[in-house]
Amino acid sequence: MTPKIVFYLRLAGQTGRNRLQGVFTYLKDRKRNWDIRLPQTEDQFFAEIGDGADGVIVSSYHSQKAIRWAEQARCPVVFIDIAKTARRKYRAVDISINNDDGGFGLLAAQHLASLGRFASYGYVRAGAESPPYWDLRREQGFVSGLRKRGLSASVFTGTGMDALGRWLKALPKPAAIYSSWDERARDIIRACRNERLHIPKQVIVLGTDDDEIICTLSSPKISSIRPDTEGEGYVAAQELDRQLRKTLRRTRQTILCKAKCVIDRESTKPPPPGKRLIDEALDLIKREHGPDITPETIAAKLRCSRRILDLRFSEFHNETVGEALTRARLNHVCELLRTSGISITSIGSSCGFKNANALKNLFKRTFGKSMREYQKSVSS
């Protein structure tokens with residue numbers, strides 16, 4: 001008979017999906033067949049267990065009530081990343097899969113120390129008044145890892161952005177900062193921007209969890225420690241399978257999953273010279289795209305040749321500087337068509353197009369409609 005297994009994981013985030021992928025990988029490796037249920041609300045979770053379950057895997061992010069229900073379930077259970085302080089009752093066979101949070105902190109200290117000699121090091125807590133256990137363990141690991149290298153760390157325990165900015169500004173520069181999770185790393189970057197602190201020249205920032213949406217959409221992109229969340233799911237499935245097959249006697253065990261690696265992005269290392277050149281060119285084009293700006297004047301302002309500028313643009317953006325300039329001008333044309341009362345004839349010259357007919361033809365080739373048709377479509 002196929003066992004019914006209830007997974008109460010938070011699938012809205014990347015962590016939960018990675019854990020589920022780890023479970024599926026285990027089932028494929030061991031050729032197991034489970035009837036998997038994925039409730040996403042507390043009521044659904046209670047209903048699935050109440051209807052009879054052969055096994056349960058429950059992770060953090062859920063209420064104390066849901067954890068109590070799992071603790072009292074009459075079937076094998078594996079807990080993922082749930083603190084001891086959240087537990088009330090321990091089972092005869094009680095298996096917990098947790099991140100090696102202390103190891104995360106040690107890895108952060110090792111990595112930041114390997115990037116060079118900094119005038120100061122800092123740890124920024126998650127921002128809660130009562131720090132969660134994983135936050136304190138990451139801090140302890142980080143401070144301990146620095147101490148072994150003869151270094152010390154300042155710890156920010158506050159919550160407000162203004163206080164965080166003042167703390168960052170007061171640190172001797174250059175400063176290397178480790179944060180307990182990626183959301184907090186993004187706060188650090190915002191605070192640095194508010195205080196006009198340059199990243200990574202004056203401050204480098206390392207986060208935790210490697211949430212790719214947060215890390216890659218940030219500016220600059222956030223470096224982060226990547227946990228082995230898929231490995232957590234794999235081990236959880238393995239331990240639940242052992243209980244289902246009754247190969248475990250009475251045991252209370254916590255299994256720690258180590259970090260997978262450090263993902264280096266812009267917040268801990270400067271972009272290559274070519275990327276810096278492109279960023280400067282794009283900033284210039286954004287500010288100035290009138291008729292007096294040409295690819296040659298952009299290259300002159302940046303003190304490089306037109307050939308080098310086009311080469312770098314093709315390397316990083318798969319376009320020439322002239323194409324980037326034209327794209328910026330067309331975007332400005334669209335903005336004026338949407339928001340201004342300027343005549344179509346006048347818009348071209350104000351956006352850097354000297355030939356009105358050439359602009360009209362280019363606009364239609366690019367957007368599939370004339371300027372007048374576009375204006376009507378956005379004003380209707």
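Select strand β4 (residues 77–80) to begin the tour; strands (E, at least two residues) are DSSP runs, numbered from the N terminus. V77 and F79 point one way from β4, V78 and I80 point the other way, and all are buried, that is, under 20% relative accessible area with a 1.4 Å probe, protein chains only (exposed is over 50%, partly exposed in between). This is a predicted model, in which local features need pLDDT of at least 70 and side-chain atom pairs pLDDT 80 or more, while totals for chains, interfaces and linings use all residues. Residues are numbered from 1 along each chain as its sequence is written, and side-chain values use heavy atoms, without hydrogens and water.

Strand β3 (residues 55–59) runs parallel to β4, joined by 4 bridges; V56 stands opposite V77. Strand β5 (residues 93–99) also runs parallel to β4, with 3 bridges, and I97 in β5 is the bridge partner of I80. Two strands pair if DSSP finds at least two bridges between them.

Now select K4, in strand β1 (residues 4–8). K4 counts as buried, at 10% relative accessibility. A polar atom of its side chain lies 3.0 Å from the backbone oxygen of E48. Beyond four places in sequence, the contacts of K4 (heavy atoms within 4.5 Å) include D35, R37 and D51.

Finally, select the cysteines. How many disulfides does the whole structure hold? The search finds 0, a disulfide being a pair of cysteine sulfur atoms within 2.5 Å. C351 is buried, at 0% relative accessible area, and its sulfur is 9.2 Å from the closest cysteine sulfur, in C334, too far for a bond. C304 is partly exposed, at 21%.

Note on methods
Polar contact = N/O pair within 3.5 Å; in protein donor to acceptor, adjacent residues only side chain to side chain.
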